[in-house]
Amino acid sequence: MFDCTDPATLDGLSWLVCYLTTGKHLAFYGSFGTVLLLLAITAPTALMFGLGGAVAARSRIPPLRMIGKTYIAIVRGVPDIAFFLFFVIALDQGIEYLRHQIVCPDWTQPIRQGTEFAVCAAAKTPSGNAPQWMHEVYGFAIAIVTFAIVFGAFAANVLFGAMMAVPKAQLETAAAYGLSRAQTFRRIVVPQMWVYALPGLSNLWMVLIKATPLLFLLGIEDIVYWARELGGTKTPGFTDYPHGDWRMWYFLALLIFYLALTRVSEVVLDRLMTRLTAGQAVAR
């Protein structure tokens with residue numbers, strides 16, 4: 001065995017093993033879990049946003065239909081990066097503004113002070129004396145909401161098209177048998193739309209995977225943050241493990257991770273499509 005407390009005495013493989021097991025590297029390994037957790041939560045949440053947007057867009061109620069189509073059009077028409085940077089700030093300040101109105105009703109100073117957004121200390125979210133993990137969880141939750149809203153709009157467009165692709169003859173048959181519009185939607189449209197929606201949703205899932213590095217722009221210490229932090233040149237004056245510019249190797253690890261994740265996704269999605277189309281006549 002070797003002693004990692006004195007890196008100067010290490011060489012070769014022992015130096016590399018100690019280097020790869022430092023606290024920052026453990027945080028780097030944990031950030032892969034952060035990405036997977038984001039995907040696991042965002043995907044179903046975005047799908048719910050999408051289903052709600054698609055149902056609203058095909059509603060017979062004009063205001064509801066306008067809301068659904070406006071949601072789809074606005075989010076799809078704004079570049080993702082611009083929306084992420086804008087919405088995170090807007091949502092964060094919106095939460096603090098509402099809390100400010102509730103907990104500090106006697107506040108007399110203006111909230112907007114030039115470029116500053118000033119609310120009372122009690123309205124800060126999270127509070128200034130909150131532990132670090134609360135700040136991290138709060139930032140992660142804001143990121144999930146942002147991802148879900150953005151990708152929910154794209155999912156809404158896909159699901160709307162899939163609902164419209166269900167053969168009208170089946171809807172007319174359901175009406176002839178006395179099914180209500182709601183019953184037809186639940187029993188005919190929803191079960192069959194997934195066959196038409198899955199190709200578009202599959203592409204959207206791949207795009208969502210590729211968009212996870214945007215976490216870095218939202219201030220979350222994800223795999224991109226740690227790859228840049230750990231891979232940059234380190235001099236002996238700042239670390240016990242000095243090295244040159246190793247960013248290429250760290251980003252190569254990210255490349256392998258994303259390729260493996262997308263490959264697994266392709267296999268799972270292909271099997272899901274096979275299961276959904278079993279026993280159905282589809283165009284080849």
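In the predicted model, helix α5 bends by about 25° at Gly152, the bend at a residue being the angle between axes fitted to the seven residues ending there and the seven starting there. Helices (H or I, at least four residues) and strands (E, at least two) are DSSP runs, numbered from the N terminus. The 34 residues of α5 should span 50 Å at 1.5 Å a residue, and the end C-alpha atoms of this helix are 49 Å apart, in agreement with that value; the expected span of a helix is 1.5 Å times one less than its number of residues. This is a predicted model, in which local features need pLDDT of at least 70 and side-chain atom pairs count only at pLDDT 80 or more, whereas totals for chains, interfaces and linings use all residues. Residues are numbered from 1 along each chain as its sequence is written, and side-chain values use heavy atoms, with hydrogens and water left out.

Helix α5 also contains Ile142, which counts as buried at 8% relative accessibility; buried means under 20% relative accessible area, exposed over 50%, and partly exposed in between (1.4 Å probe, protein chains only). When residues up to four places away in sequence are not counted, Ile142 touches Val88, Leu91 and Ile95, contact being defined as heavy atoms within 4.5 Å. The C-alpha atoms of Ile142 and Leu214 are separated by 13 Å, the two residues being 72 residues apart along the chain.

The largest nonpolar core has 63 residues, and those with the most contacts inside it are Phe28, Phe147, Phe151 and Ile223. A nonpolar core is here a set of buried Ala, Val, Leu, Ile, Met, Phe, Trp, Tyr and Cys residues joined through side-chain atoms within 4.5 Å. At least two residues of this core are supplied by each of α1 (13–19), α2 (23–57), α3 (62–77), α4, α5, α7 (181–211), α8 (223–231) and α9 (247–276), and the largest share, 15 residues, comes from α5. Ile223, with its neighbours within four places in sequence left aside, is in contact with Phe28, Ser31, Phe32, Val35, Leu254, Phe257 and Tyr258. Another core, of six residues, lies apart from the largest one and has Ile111, Phe117, Cys120 and Ala123 among its members.

Helix α9 has 30 residues and reaches 43 Å from its first C-alpha to its last, close to the 44 Å expected at 1.5 Å a residue. The buried residues of α9 are Tyr250, Leu254, Phe257, Tyr258, Leu261, Thr262, Ser265 and Leu269, and what covers them includes α1, α2, α7 and α8.

The structure holds one disulfide, a term applied to a pair of cysteine sulfur atoms within 2.5 Å. This disulfide is formed by Cys104 and Cys120, whose sulfur atoms are 1.8 Å apart. Cys104 lies in the loop between α4 (80–103) and β1 (112–113), and Cys120 in the loop between β2 (116–117) and α5 (132–165), so the pair ties together parts that are 16 residues apart in sequence. Because the torsion about the S-S bond of Cys104 and Cys120 is about 85°, the disulfide is right-handed. Cys104 is buried, with a relative accessible area of 15%, and Cys120 likewise counts as buried, at 5% relative accessibility. The loop between β2 and α5 is also the place of Pro126, which a cis peptide bond joins to Thr125, with omega about -15°.

Three salt bridges are present in the structure, each defined as a side-chain nitrogen of Lys or Arg within 4 Å of a carboxyl oxygen of Asp or Glu. In one of them Lys24 pairs with Glu229, the closest N and O atoms being 3.7 Å apart. Lys24 lies in helix α2 and Glu229 in helix α8, so this pair ties together parts that are 205 residues apart in sequence. Lys24 is partly exposed, with a relative accessible area of 44%, and Glu229 is partly exposed at 29%. Arg247 forms a salt bridge with Asp245, with 2.7 Å between the closest N and O atoms; Arg247 is partly exposed, at a relative accessible area of 37%, and Asp245 counts as partly exposed at 41%. Glu266 forms a salt bridge with Arg263, the closest N and O atoms being 3.1 Å apart. Glu266 and Arg263 are separated by about one helical turn, because they are three residues apart in helix α9, and Glu266 counts as partly exposed at 36% relative accessibility.
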